[in-house]
Amino acid sequence: MAKEYYELSPLKYDYADLEPYISEEQLRIHHDKHHQSYVNNVNSILQMMEMARKEGKDFDYKATAKAFSFNMAGHVLHDYFWWGMIPAEKASEEPVGELAEALKEDFGSFDRFRKEFSEVASTVEGSGWAALTFCTDTRRLGIVQIEKHNVNLVPDFPLIMAIDVWEHAYYLDYKNERSKFIDAFWNIVNWEGIDKRYQQLQNMK
Ligand code: MN3
């Protein structure tokens with residue numbers, strides 16, 4: 001069977017649709033340049049490995065495994081980030097559905113969750129992410145901090161939502177003020193989509 005490569009999916013909204021929270025220019029560069037480069041990189045690593053295997057040649061296994069994980073996770077995390085947002089006029093202010101209930105149960109209230117998630121995001125050292133996860137073993141929600149794109153990711157903690165706090169995500173709009181970007185992010189969270197994702201995870205063992 002023919003194997004496939006990774007592809008950059010188009011956004012489900014227009015580039016200017018997340019304004020004023022994320023500008024058109026910021027979103028274009030982030031999606032079309034930064035995200036595209038992770039897709040290109042992971043695909044060229046795959047091609048390089050395929051070629052080396054065909055020719056019976058070695059490659060730098062350590063560096064390649066590291067670069068593969070970095071670029072592949074970079075691609076996957078950006079997909080979570082894009083679909084987890086929606087134009088502000090279509091966004092509900094607070095979580096909805098079963099996720100809303102679960103957040104209340106595990107964190108006490110949405111405000112408490114929002115505060116913890118914002119703190120986790122704002123304290124990522126260097127470049128990285130904050131993500132909400134659901135542990136299929138303990139049935140608990142959890143907030144994780146991911147450094148770069150691939151450090152601290154825990155297998156079996158599937159992601160529910162993620163925020164990109166690399167500087168490339170907000171520098172044009174907020175300069176070095178990451179927490180302003182995090183505050184703005186809450187206006188464009190796709191709570192309905194995120195609740196659907198949460199419900200799908202309920203059936204995973
Ligand atoms: Mn990014």
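Strands β1 (residues 128–134) and β2 (residues 141–147) run antiparallel and are joined by 7 bridges; two strands count as paired if DSSP finds at least two bridges between them. Helices (H or I, at least four residues) and strands (E, at least two) are DSSP runs, numbered from the N terminus. The model is predicted, so local features need pLDDT of at least 70 and side-chain atom pairs count only at pLDDT 80 or more, while totals for chains, interfaces and linings use all residues. Residues are numbered from 1 along each chain as its sequence is written, and side-chain values use heavy atoms, with hydrogens and water left out.

Within the strand pair, Ala-131 has Val-144 of β2 as its bridge partner. The hairpin has 6 residues between the strands, and Arg-139 there takes a positive phi near 60°.

The manganese ion has four protein donors listed by atom: His-30 (NE2), His-78 (NE2), Asp-164 (OD) and His-168 (NE2), at 1.9 to 2.2 Å from the ion. Donors are N, O and S atoms within 2.8 Å of the metal (3.2 Å for Na, K and Ca); water is not among the atoms, so sites may look incomplete. Along the chain the donors follow the spacing H-x47-H-x85-D-x3-H. His-78 belongs to helix α2 and His-168 to the loop between β3 (159–164) and α5 (171–174), so this pair ties together parts that are 90 residues apart in sequence. His-78 is buried at 0% relative accessibility, and His-168 is buried at 13%. Here buried means under 20% relative accessible area, exposed means over 50%, and partly exposed lies in between (1.4 Å probe, protein chains only).

His-75 is also placed in helix α2 (residues 61–83) and is buried, with a relative accessible area of 6%. Its side chain makes a polar contact of 2.8 Å with the side chain of His-35. A polar contact is a pair of N or O atoms within 3.5 Å; within protein, one must be able to donate a hydrogen and the other to accept it, and residues adjacent in sequence count only if both atoms are side-chain atoms. Setting aside neighbours within four places in sequence, His-75 is in contact (heavy atoms within 4.5 Å) with Tyr-6, Glu-7, His-35, Tyr-38 and Val-39.

Helix α1 (residues 24–55) holds Ile-45, which is buried at 11% relative accessible area. Beyond four places in sequence, Ile-45 is in contact with Thr-64, Ala-67, Phe-68 and Asn-71.

The whole structure contains 20 aromatic pairs. Rings of Phe, Tyr and Trp (its six-membered ring) pair if their centres lie within 6.5 Å; planes under 30 degrees apart count as stacked, over 60 as edge-to-face and the rest as tilted. Phe-70 and Trp-166 form a tilted pair, because their planes meet at 50°, with ring centres 6.1 Å apart. This pair links helix α2 to the loop between β3 and α5, across 96 residues. Phe-70 is partly exposed at 22%, whereas Trp-166 is buried at 13%. Phe-81 and Trp-82 are tilted as well, with centres 5.2 Å apart and planes at 45°, and both are buried. Ring pairs join these two into a cluster whose members include Phe-107, Trp-129 and Trp-191.
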